[in-house]
Amino acid sequence: MMMAKKWAKFLRDFENFKAACVPWENKIKAIESQFGSSVASYFLFLRWMYGVNMVLFILTFSLIMLPEYLWGLPYGSLPRKTVPRAEEASAANFGVLYDFNGLAQYSVLFYGYYDNKRTIGWMNFRLPLSYFLVGIMCIGYSFLVVLKAMTKNIGDDGGGDDNTFNFSWKVFTSWDYLIGNPETADNKFNSITMNFKEAITEEKAAQVEENVHLIRFLRFLANFFVFLTLGGSGYLIFWAVKRSQEFAQQDPDTLGWWEKNEMNMVMSLLGMFCPTLFDLFAELEDYHPLIALKWLLGRIFALLLGNLYVFILALMDEINNKIEEEKLVKANITLWEANMIKAYNASFSENSTGPPFFVHPADVPRGPCWETMVGQEFVRLTVSDVLTTYVTILIGDFLRACFVRFCNYCWCWDLEYGYPSYTEFDISGNVLALIFNQGMIWMGSFFAPSLPGINILRLHTSMYFQCWAVMCCNVPEARVFKASRSNNFYLGMLLLILFLSTMPVLYMIVSLPPSFDCGPFSGKNRMFEVIGETLEHDFPSWMAKILRQLSNPGLVIAVILVMVLAIYYLNATAKGQKAANLDLKKKMKMLQLLVASNKYPESPEKVHFALLFKSNAICERPENKHC
């Protein structure tokens, strides 16, 4: 008996120890106590994203960056690993490093630094193959972990009908028992009261709108303004990218700070001010507040995704220009080498011999590495977005809170309850910004292996900085909209942006030729040819033949067709089970109504037996085996 008690105490202490080892658990619990679980859900989502990026960073660091650093050729041994002679003087300047040029550009941080040798080091590590497979593994892992989280949330939700016993659920489950702050409790009380009023109104018979045509016109007008805003933001980004391409051809010393960072600042400012315009347009539509919030989230998501794709399309034009430029540079390099060798040989007499011809890597002309250029753009965009977010918090939240707190005593009206008051913590906006930033990481990590590590630093600092801002400067939202766990809305958008972010990367891998003098795939027509090269040199001929047959397009199409049919069958089965559950609920309600109206005058034991008999009869149907 004593051993059983000690064992139970050990298990309880071990569970407490595991809970204490969870990163930032105490901080999130403190936010839950002050603001409720809705605000804490954002930080739970941020911590989950931190874990995803940690896995991505471990993959890229251990299988790409570290092998190249340990076993690859050192800095200065090849032109791709050496700063050009014209840039050596300013290669270590802060402004140059801040733009990720100079020494940062010619390092393991970016694609162009890596060598194209099949094997490196004493372990014969296949770096090009590893680089390609790690990029595919990161995409596959991201899909799996997002789908697993969505599946877990569906399982936690239970799949029940939310409209069943609606008021009973609201009465017994609306209160958040983690709230420990009086102001938050008042807000929660008001929110529950408003939800009851809305539910009572929605339960009444549908009322005819007084002026349907006016409301339709105002909603059409609001959507027209939204499309104008989206189109204008896309044009501004395209214009900024074109200007940045023009600035890239000029002398960097003649450019100011704004010219160097114009494109990144335009994207960050559009992400800050366009949601405010969408909020103003939503006032014209007169939707239910929750429907209006989802419309707002969808429009912000469309804005961010549209801006990102306009940026990608403008970047594709620059990539095509770089590829055309590479063809000219390649021809010029061949001519340059022939002239240099000819001049070197002419400097010696016919009977004399000199040392072998050698040119320092810094003096060798090189082509524009478009892969490194793409990686640099995404790294700059990530860093500038982080800085813009932090400056916005300092100015929009901290300075505003200081003004309201210290000037309230000498002002004409109450600043805390009137204008400007304290800012609310925008759960939905912060989670959307987190999703958008993660999309940039997925899109740019193939060309900048260091990007997951930079994102980890961003998430790590954001956890502490935003926790401080929430506890010191913000008040909770009057309306609660959960951001994660119990709702798959944000995870669905994360899955969508993951799919849309990987499409351009896969297109570049399959369709565009790699640069001829930089990166692990230089010298190949396409990046995926590294797989065929590995099959040819490192596998037996019979195994390579089998793998080639498995990759036959006819077999792949057949497998995809079978998968589509299987998905259709499982979906139809799930719909049938859901319909059976609804039918079972209706019949159970009918039985309860019969019992309540004394249609069963028998004893309680017989009533219970009748209910059990009918329930078992329903569950014994073939489509209800899960009962």
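Gly 135 is buried (under 20% relative accessible area, with exposed meaning over 50% and partly exposed in between, for a 1.4 Å probe and protein chains only), its relative accessible area being 14%. This glycine belongs to helix 5, where helices (H or I, at least four residues) and strands (E, at least two) are DSSP runs numbered from the N terminus. Gly 135 lies 5.7 Å from Phe 446, C-alpha to C-alpha, although 311 residues separate the two in sequence.

The model is a predicted one, in which local features need pLDDT of at least 70 and side-chain atom pairs count only at pLDDT 80 or more, whereas totals for chains, interfaces and linings use all residues. Residues are numbered from 1 along each chain as its sequence is written, and side-chain values use heavy atoms, with hydrogens and water left out.

The secondary structure of the chain consists of 18 helices and 2 strands. Of the 627 residues in the chain, 39% are buried. Among contacts (heavy atoms within 4.5 Å) with a separation of 6 or more, 77% are between residues 24 or more positions apart.

A second pairing across the sequence involves Val 329, a residue of helix 10 (residues 289–346). Val 329 counts as buried because its relative accessibility is 16%. When neighbours within four places in sequence are left aside, the contacts of Val 329 are Arg 366, Gly 367, Pro 368 and Phe 516.

Angles under 35 degrees count as roughly parallel, over 145 as roughly antiparallel, 65 to 115 as roughly perpendicular and the rest as oblique. A crossing is left-handed if the near helix is turned anticlockwise from the far one by less than a right angle, and right-handed if clockwise.

Helix 12 (residues 427–444) and helix 14 (residues 489–511) cross at roughly 25°, and their axes come within 8 Å. The two helices are therefore roughly parallel to each other, and their crossing is right-handed. Helix 12 contributes Ser 428, Val 431, Leu 432, Ile 435, Phe 436, Gln 438, Gly 439, Trp 442 and Met 443 to the contact, and helix 14 contributes Tyr 490, Met 493, Leu 494, Ile 497, Leu 498, Leu 500, Ser 501, Pro 504 and Val 505. By class, this contact between helix 12 and helix 14 comprises 14 nonpolar, 4 polar and no charged residues, where Ala, Val, Leu, Ile, Met, Phe, Trp, Tyr, Cys and Pro count as nonpolar, Asp, Glu, Lys and Arg as charged, and the others, Gly among them, as polar.

Helix 9 (residues 257–285) packs against helix 11 (residues 370–407) at an angle of about 45°, with the axes 9 Å apart. The pair is therefore oblique, and the crossing of helix 9 and helix 11 is right-handed. On helix 9 the contact involves Met 263, Asn 264, Met 265, Met 267, Ser 268 and Met 272, and on helix 11 it involves Glu 377, Arg 380, Leu 381, Ser 384, Asp 385, Thr 388 and Thr 392. The residues of this contact between helix 9 and helix 11 fall into 5 nonpolar, 5 polar and 3 charged.

For helix 2 and helix 13 (residues 451–473), the axes come within 11 Å and cross at roughly 25°. Helix 2 and helix 13 are therefore roughly parallel, and their crossing is left-handed. Lys 27, Ala 30, Ile 31, Gln 34 and Phe 35 of helix 2 meet Tyr 464, Cys 467, Val 470 and Met 471 of helix 13. This contact of helix 2 with helix 13 has 7 nonpolar, 1 polar and 1 charged residues.

Trp 24, which is not a glycine, has a positive phi of about 60° and is found in the loop between helix 1 (2–21) and helix 2 (25–35). With a relative accessibility of 11%, Trp 24 counts as buried. Phe 100 likewise has a positive phi, near 60°, in a residue other than glycine; Phe 100 is situated in the loop between helix 4 (94–98) and helix 5 (127–157). Phe 100 counts as buried at 15% relative accessibility.

Methods:
Axes are lines fitted to C-alpha atoms, for helices over the stretch in contact, and angles run from 0 to 180 degrees between N-to-C directions.
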